[in-house]
Amino acid sequence: MNLCSKTYFFCIINVIFFSLTGCHLFESTKVSTREIKSASSWSEKDQYPIFNSCKGEGKDEKKCFESVISSTILNYVVEKGLVASENIDSEVVLNLVIDQEGFISMTSIDSSDYVLNAIPNLESTLFESIEYIPQAKAAVKTNVGVLVSSSFKLPIRIFVQKEN
C-alpha cells in the first residue's frame with residue numbers, strides 16, 4: 001500500500017469508529033415538566049439576593065436585605081413629604097424583581113384606589129424610590145450554580161392621620 005492509500009484507509013476507519021461510538025451524542029433525552037418544575041423550585045439551599053453590606057450576617061442576611069430595601073424606600077418617601085387628604089390605615093404591596101445582574105425594579109403596586117387618591121404622587125414616589133436601592137448580588141439557584149432573577153412582594157403599612 002502506498003502512503004495515499006494508507007491515509008485514505010486510516011480516515012475511513014476513523015469515520016466508522018466515530019460513527020459507531022458517537023451515536024449516544026445525538027440521542028435526545030426527555031425531561032418531564034414535573035422534573036423541570038421540581039428542579040427550578042426555590043429550595044432552602046438556594047441563596048437569596050444579598051447586598052454587600054449584609055454579607056456575613058449569617059441567617060440574618062435575608063432580614064438585612066429586606067431592611068435595606070425598606071429603609072431606602074421609607075427614607076425617600078419621608079424626604080418627599082407626601083401629604084394625605086384623608087385618614088388612612090391600609091397596606092400597599094410593592095411587586096419587586098431583582099434581575100440576574102442584581103438590579104431591582106418594581107413591576108407593579110397593589111393598592112386600593114382610595115389610598116392612591118388620598119395620597120397624590122404616592123405611586124410615582126414609590127417607583128422613584130426604587131432607583132435609590134443599591135445594586136444587589138442576584139439570587140443563586142445552587143443546584144445548577146446559576147444566577148437567577150427573583151421576585152418578591154414587599155408589603156408597606158400606611159397609617160396617616162390628617163391634621164385637624
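Helices and strands here are DSSP runs, helices of at least four residues and strands of at least two, numbered from the N terminus. I am working on a predicted model.

**Entry 1: the layout**

I started by counting elements, and the chain has five helices and five strands. Reading from the N terminus, I noted the order α-α-α-β-β-α-α-β-β-β. Next I looked up burial: of the 164 residues in the chain, 26% are buried. Then I turned to contacts with a separation of 6 or more, and 71% of those in the chain are between residues 24 or more positions apart.

**Entry 2: helix 5**

Which residues of helix 5 are buried? I found L122, T125, L126, S129 and I130, in a helix that spans residues 122-130. I then checked how they sit around the axis: they cover an arc of only 145°, so they are on the same side of helix 5. I jotted down the background, too: an α-helix has 3.6 residues a turn, so residues three or four places apart point the same way.

What covers these buried residues of helix 5? My list includes helix 3 (61-80), helix 4 (113-118), strand 1 (88-98), strand 2 (104-110) and strand 5 (150-160).

**Entry 3: aromatic rings**

I searched the whole structure for aromatic pairs and got three. One of them is F51 with F65, a stacked pair with 4.7 Å centre to centre and 20° between the planes. F51 lies in the loop between helix 2 (33-40) and helix 3, while F65 lies in helix 3, so this pair ties together parts that are 14 residues apart in sequence. I checked both for burial: F51 is buried, and F65 is buried as well.

F65 has another partner to write down. With F152 it forms an edge-to-face pair, 6.0 Å centre to centre and 65° between the planes. Here the parts tied together are 87 residues apart in sequence, because F65 lies in helix 3 and F152 in strand 5.

The cut-off for buried is under 20%. F65 comes in at 4% relative accessible area, so it is buried.

**Entry 4: N95**

I picked N95 next, which lies in strand 1. Its relative accessibility is 9%, so N95 counts as buried. What does its side chain touch through a polar contact? The partner is the side chain of S108, at 2.8 Å.

I also listed what N95 is in contact with, leaving aside its neighbours within four places in sequence. The list runs S105, M106, T107, S108, I109, D110, F152 and K153.

**Entry 5: the largest pocket**

Last, I looked for empty space. Rolling a probe the size of a water molecule over the atoms shows where empty space is left. The largest pocket has a volume of about 370 Å³. I counted 19 residues in its lining, and those nearest its centre are L74, V77, L122, I156 and I158.

Which elements give two or more residues to this lining? They are helix 3, helix 5 and strand 5. Strand 5 gives the most, with seven residues. L122 was already in my notes as one of the buried residues of helix 5.

Definitions and conventions. Residues numbered from 1 in each chain as written. Predicted model: local features only at pLDDT ≥ 70, side-chain atom pairs only at ≥ 80, totals over all residues. Heavy atoms only, no water. Buried < 20%, exposed > 50% of the residue type's maximum accessible area, 1.4 Å probe, protein only. Arc of directions from axis to C-beta. Contact = heavy atoms within 4.5 Å. Phe/Tyr/Trp six-rings, centres within 6.5 Å; stacked < 30°, edge-to-face > 60°. Polar contact = N/O pair within 3.5 Å; in protein donor to acceptor, adjacent residues only side chain to side chain. 1 Å grid on protein atoms, 1.4 Å probe; cavity = no way out; pocket = protein on both sides within 12 Å on 5 of 7 lines; lining within 4 Å. Points joined across faces, edges and corners; volume = space filled by probe spheres on them.
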